[in-house]
Amino acid sequence: MVRIVNGEVLPDDDPRSIRSRQAEQRRPMGRVQHNDDIQQDGTVSVFTVANNKLKALGIPPLTIGSHVIEPIVSVGFLLAGLLMGPRAVLFGAVLYGIHAYSNQ
């Protein structure tokens, strides 16, 4: 195979191509990393960041039985109730129950 380095087509075994490939492996591009928000593959979840910000604002996680309902879920239920009515809250609760049951 060939690589394009600085507008020049180089074979894979060329030293400039090897240096370029090593430099790309050392610096991840397009990723913001925070130690408490990193997933296994190194990406940051928007929902984790939003959940942490809600916790920082003082919205506590709710504990119902042995299940902990995170602030992002509580806000989601509240918005669903305000925007779409009680049927949306019921539907969300059923989905949450299925999710919690399947992760036991």
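A: Leaving aside neighbours within four places in sequence, Asn 51 is in contact (heavy atoms within 4.5 Å) with Glu 70, Pro 71 and Ile 72. Asn 51 belongs to helix 2, residues 46-56. Helices (H or I, at least four residues) and strands (E, at least two) are DSSP runs, numbered from the N terminus. With a relative accessible area of 9%, Asn 51 is buried; buried means under 20% relative accessible area, exposed over 50%, and partly exposed in between, with a 1.4 Å probe and protein chains only.

The model is predicted: local features need pLDDT of at least 70, side-chain atom pairs count only at pLDDT 80 or more, and totals for chains, interfaces and linings use all residues. Residues are numbered from 1 along each chain as its sequence is written, and side-chain values use heavy atoms, with hydrogens and water left out. The predictor's confidence in each residue is its pLDDT, from 0 to 100. The protein chain averages 80 on this scale, and 82% of the residues score at least 70. Helix 1 (residues 15-26) has the lowest confidence, with a mean of 76, and helix 3 the highest, at 90. Where pLDDT is low, the predicted coordinates should not be read in detail.

Pro 71 and Ile 72, two of the contacts of Asn 51, fall in helix 3 (71-84). Helix 3 has 14 residues and reaches 19 Å from its first C-alpha to its last, close to the 20 Å expected at 1.5 Å a residue; the expected span is 1.5 Å times one less than the number of residues. Leu 79 also lies in helix 3. Leu 79 is partly exposed, with a relative accessible area of 44%, and its C-alpha atom is separated by 8.9 Å from that of Val 89, ten residues apart along the chain. After helix 3 comes Gly 85, which has a positive phi near 95°.

Next is helix 4, residues 86-102, whose 17 residues should span 24 Å at 1.5 Å a residue; the end C-alpha atoms are 24 Å apart, which agrees. Ala 88, Gly 92 and Ala 100 are buried in helix 4. They cover an arc of only 105° around the axis, so they are on the same side of helix 4; the arc is that of the directions from the helix axis to the C-beta atoms. The buried residues of helix 4 pack against strand 4 (67-69) and helix 3. The face turned away from this buried side carries exposed residues, including Arg 87, Phe 91 and Tyr 101.

At the other end of the chain, strand 1 (residues 2-5) and strand 2 (residues 8-11) pair in the antiparallel sense over four bridges; pairing requires that DSSP finds at least two bridges between two strands. Arg 3 stands opposite Leu 10, and Val 5 opposite Glu 8. Their hairpin has two residues between the strands, and Asn 6 takes a positive phi near 55° there.

Taken as a whole, the protein chain has four helices and four strands, running β-β-α-α-β-β-α-α from the N terminus on. Of its 104 residues, 16% count as buried. Among contacts between residues at least 6 apart in sequence, 6% join residues at least 24 apart.
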